[in-house]
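Hi there,

I'm passing along the model we talked about, with some notes on what turned up in it. Have a look at it first, then read on.

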Amino acid sequence: MSCVTVIQCKAAVAWEPNKPLVIEEIEVAPPQADEVRIKIVATAVCHTDLYHLFEGMPKDGFPAVLGHEAAGIVESVGPEVTEFQPGDKVIPLFLAQCKECRFCKSPKTNQIRQGAMVGKESRFTCKGKKVLQFAGTSTFSEYIVIHQIAVAKIDPAAPLDKVCLIGCGICTGYGAAVNTAKVEPGSTCAVFGLGAVGLAAVMGCKAAGAKRIIAVDLNPDKAEKAKVLGATDFVNPKDHNKPIHEVLAGMTNGGVDYSVECVGNVEVMRSALESCLPAWGVSVIVGWTEMFDIKIRPPHLISGRTWKGSMFGGFKGKDGVSEMVKAYLDKKLQLEEFITHNMTLDQINDAIELMKQGKWYHILVLFINQWVHFK
């Protein structure tokens, strides 16, 4: 069913960098050809949203609606959309899957030829101004319009206030261990950084059969949660007077088999690599930053280590999300353990402040008092 009406609804607008978001009434245009309009039911706050607002701050990145980790229900579809219909439960994807390009057809990557982000055309306006869609999704809005190749249909039985986490953090961390590192049964792993992505990486290492999983973080309060999800050890670098890679080498007879970096800090990336066993260790970079270069000594790789990067945990967008939702419904994946707060869209700045403290894993924003006006 196509829709020709403009929706007026609430959204959290980032008018400029390093400033609080503003709850505004915005207009969401009807879906065009190959597009889907989605009613967002729940979204999570991710550090990537904070990175755009406070660290990356691209000059041409504002005004924008942030958010990219969500779940919702199809409200209407544009012409030429055959995969979706109103009422379908879906998860928006910041990493699309067209299933037709060379990249999508290759089992070697989850990338897509036109790039990771789809949706340069924004369907948002506010106060007469065009508002950008962050990561092609912008889930801090009650309604969004997104290209159909960037939408995953999920099981109708899936609880949207839980599976929304699969749209970014859970897949990113879990897949980094299972798909990218390819952690083997009986191996030893180290996970650097215990935000949502790092905790998901811990869960992935356990699912892959690792016998020892060392969780590394500066916040000792995160140790208990890491162990619930599968960590066997917790190490706080501040508790030691030597580099963390030396600490881990001493704990593991020379180094871990696999390490996963989930911080977005270039010094931590190097430490994670150096923590690996020189002869065959595999280290995966997951944390995102564009602000600094990495410096490394060539022998650290020449000796036999492998350094890899991972986006969205190596999962192809549509296929991977549907697969992970099924795993949750089959009780093979934990999600409730990741949720620390339930808040409303009006509390979005409070949620961001909590995330900035670095203590919380996932803060859910639930659209419980949703209103909409059709023009």
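Before the rest, some housekeeping. This is a predicted model, in which local features need pLDDT of at least 70 and side-chain atom pairs count only at pLDDT 80 or more, while totals for chains, interfaces and linings use all residues. Residues are numbered from 1 along each chain as its sequence is written, and side-chain values use heavy atoms, with hydrogens and water left out.

Now the overall picture. The chain has eleven helices and 19 strands (DSSP runs numbered from the N terminus: helices are H or I with at least four residues, strands E with at least two). Its radius of gyration, taken over C-alpha atoms, is 21 Å, which agrees with the value near 21 Å for a compact globule of 375 residues (the rule is 2.2 Å times the number of residues to the power 0.38). The C-alpha trace spans about 65 × 40 × 35 Å along its principal axes. Buried residues make up 56% of the 375 (buried is under 20% relative accessible area, exposed over 50%, partly exposed in between, with a 1.4 Å probe and protein chains only).

On helix packing, α1 (residues 47–56) and α11 (residues 348–356) meet at about 95°, their axes 10 Å apart (axes are lines fitted to C-alpha atoms, for helices over the stretch in contact, and angles run from 0 to 180 degrees between N-to-C directions). That makes the two helices roughly perpendicular, a label for 65 to 115 degrees. H47, L50, L53 and F54 of α1 touch I352, M355 and K356 of α11, where contact means heavy atoms within 4.5 Å.

Leaving out residues up to four places away in sequence, H362 touches several others, including A44, E69, L165 and H341. Its C-alpha atom is 7.2 Å from that of C46, 316 residues away along the chain.

Finally, two non-glycine residues with positive phi. N18, with phi near 60°, is in the loop between β1 (7–14) and β2 (22–28) and is partly exposed at 48%. K331, with phi of about 65°, is in the loop between α10 (317–329) and β17 (339–344) and is exposed at 77%.

Best wishes

Methods
Parallel < 35°, antiparallel > 145°, perpendicular 65-115°, else oblique.
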